[in-house]
Amino acid sequence: MNANSIFSMRIPTNIIFGCGELKRLATEKLPGKKAMIVISSGNSMKKYGYLDKVITYLNENNQTGSIVFDKIMPNPIKSHVMEAAAICREEKCDFVIGLGGGSSIDSAKAIAVMACNKGDFWDYVSGGSGKGREVQTALPIVAIPTTAGTGTEADPWAVITNEDTQEKIGFGCTLTFPTLSIIDPSLMLSIPPHLTAYQGFDAFFHAAEGFIANCATPISDLYALEAIRLLYKYLPVAVNDGKDLKARAKVAWGSTLAGLVEATSSCTSEHSLEHAMSAYYPQLPHGTGLIALSEPYFETFRNDCMKRYMKMAEIMTQQKSNRPSDFIDALHRMKKECHVDNIKLSDWGLKKEDFPRMAQNARDTMGGLFTLDPRPLTDDDIMNIYQKAYK
C-alpha cells in the first residue's frame with residue numbers, strides 16, 4: 001500500500017449475521033415480490049431442509065410464487081446463467097436469491113444482470129474474449145450462504161466460466177452487490193471436513209492476497225488481519241469438529257470479512273493462476289487449487305513485502321516475527337492442521353504439459369490481478385509456481 005494512499009469505501013449491502021438469523025427472511029423488507037431462488041444441482045439444500053425453510057419464510061413475508069433454479073455446478077457456467085435469466089424474465093421474477101455456496105450466489109448475481117440486459121453475459125465481462133459492456137441495470141440480489149469461503153455475500157464479484165472458450169473470469173459492478181445478505185452459521189454444520197477446509201482456505205487467501213495487494217487500504221487491512229486471525233485459529237477446529245458451532249461462526253465471520261477485503265482491496269494473481277487451472281479442469285475445487293499453489297506463490301513475494309508477511313505471521317501465531325518466512329511456516333502449519341498439506345493436483349487430472357497454456361490463460365483472462373501483485377510476475381515465475389505446486 002502506498003504511504004499516502006487515497007481511497008474510498010461504499011458497500012451497500014445490508015448484512016445480517018448470527019446463528020438462527022435465517023428467520024429474519026420472514027420479517028425483513030425484501031427488494032421484490034417474487035424471487036428466483038438459485039441453488040446447486042446437488043441435493044444438500046433440499047436434504048437439510050434449507051430450501052424449505054427459505055420458501056416458508058418467504059411465504060410468511062407475503063412472498064408467494066417463488067421459483068427455484070437448481071442446475072448450478074461447483075464451477076458455474078455461462079449457459080446456466082443465460083438459461084436461468086430467460087426463465088427469470090418469463091416468470092416475471094423481480095429479485096434473485098442465491099442460496100448455498102459461492103457458486104450459487106455468484107450465479108444469482110450473474111442471473112440478476114442478464115435478466116435485465118440484452119445480449120450474452122460475456123458481452124459484459126471484462127478480460128479474455130469479454131466485451132466489457134457497461135451494465136445498465138440489474139435485479140436486486142439476496143445472498144444466503146451455507147458455506148464459509150467465498151465472501152461473495154459482502155462483495156460484488158461473480159466468478160463464471162465460459163465453457164465454450166475455457167475462460168473463468170470474475171465479474172462485478174456496483175449493481176452486483178447483494179441488497180441483503182443473511183449469514184447464519186447454523187446452516188454450515190453439515191459441510192464435510194474436506195470441503196470446510198477448501199472453502200475456508202479460499203477465504204484465507206482472499207484476506208492474505210488483499211493484504212499484500214498494492215491497492216490495499218487502511219480499511220481493507222483492518223478486515224484482512226481480523227479475517228486472517230479468525231481463520232488461522234478456528235478453521236482447524238471447524239475441520240476437525242464440524243459440529244462446533246462457535247468455530248463455525250468464527251469461520252463464517254472470517255469469510256465475510258474476507259469478502260469485505262475483496263470489496264475494498266483485491267485478490268492478486270494467485271486467483272488468476274487458479275482460475276486457469278479450474279477453467280480447464282472444472283472438477284478441481286477452487287479452494288483446492290489455491291491451497292496447492294499457496295506456498296510457492298507466497299514464497300515468490302517473500303522479500304517484496306517483508307513487513308506485511310511478518311505482520312500476518314504475528315496475527316496468526318500471536319508471537320513476534322523476525323522474518324517473512326514466519327508467515328509461510330504458519331501457513332504450512334495451518335494446512336497440516338486442516339489435513340490439506342499434501343494435495344496432489346495430478347489426482348484431479350492436471351498434467352505438467354498443461355502449465356504453458358494455463359499460464360497464458362491466466363494472463364489473458366484475469367490479467368488485471370497481475371497488476372495488483374507486490375511486483376510484476378515473470379513468465380518464469382509463473383511456471384516455477386505451477387511446477388512447485390504440482391504433485
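Is Tyr386 buried or exposed? In this predicted model, Tyr386 has a relative accessibility of 1%, so it counts as buried. That makes Tyr386 a handy way into the core. The largest nonpolar core has 73 residues, and Tyr386 is one of those that touch the most other members, alongside Phe201, Phe204, Leu273, Phe298, Tyr309 and Phe327. As for who supplies this core, helix 6 (residues 218-240) gives the most, with 12 residues. There is also a second, separate core of 33 residues, and Val113, Ala115, Val125 and Val135 are among its members.

Leaving aside residues up to four places away in sequence, Phe201 touches Leu235, Ile291, Leu331, Met334, Lys335, Cys338 and Val340.

Some of those partners belong to helix 11, so to speak the next stop. Helix 11 covers residues 325-337, which makes 13 residues, and it reaches 18 Å from its first C-alpha to its last, close to the 18 Å expected at 1.5 Å a residue. Its buried residues are Ser325, Asp326, Phe327, Ile328, Ala330, Leu331, Met334 and Lys335. These buried residues pack against helix 5 (193-212), helix 6, helix 9 (286-300) and helix 10 (306-317). Just past the end of helix 11 comes His339, with a positive phi of about 65°.

Next, the aromatic rings. A pair of rings is described by how far apart the centres are and by the angle between the planes. The count here comes to 16 aromatic pairs. In one of them, Tyr309 and Phe327, the ring centres are 5.3 Å apart and the planes meet at 70°, so the pair is edge-to-face. Tyr309 sits in helix 10 and Phe327 in helix 11, so this pair ties together parts that are 18 residues apart in sequence. Both partners are hidden away: Tyr309 is buried with a relative accessible area of 0%, and Phe327 counts as buried at 0% relative accessibility.

Phe355 and Tyr386 make another aromatic pair, and this one is stacked, with 5.5 Å centre to centre and 15° between the planes. It links distant parts of the chain, since Phe355 lies in helix 12 (residues 355-366) and Tyr386 in helix 13 (residues 379-389), 31 residues apart. Phe355 is buried too, with a relative accessible area of 2%.

The charged end of Arg133 sits over the ring of Tyr124, 5.5 Å from its centre, while the charged end of Arg357 sits over the ring of Tyr280, 4.0 Å from its centre.

Finally, the cysteines. A disulfide is a covalent bond between the sulfur atoms of two cysteines. How many disulfides does a search of the whole structure find? The search comes back with zero. Cys88, for example, is in no disulfide, and the nearest cysteine sulfur, in Cys93, is 4.4 Å away. Cys88 is buried, with a relative accessible area of 1%. For Cys215, the closest cysteine sulfur is that of Cys267 at 9.6 Å, which is too far for a bond. Cys215 is partly exposed, with a relative accessible area of 26%.

Definitions and conventions: Residues numbered from 1 in each chain as written. Predicted model: local features only at pLDDT ≥ 70, side-chain atom pairs only at ≥ 80, totals over all residues. Heavy atoms only, no water. Core = buried A, V, L, I, M, F, W, Y, C linked by side-chain atoms within 4.5 Å. Buried < 20%, exposed > 50% of the residue type's maximum accessible area, 1.4 Å probe, protein only. Helix = DSSP H or I, 4+ residues; strand = E, 2+ residues; numbered from the N terminus. Contact = heavy atoms within 4.5 Å. Expected span 1.5 Å × (residues − 1). Disulfide = S-S within 2.5 Å. Phe/Tyr/Trp six-rings, centres within 6.5 Å; stacked < 30°, edge-to-face > 60°. Lys NZ or Arg CZ within 6 Å of the ring centre and 35° of its normal.
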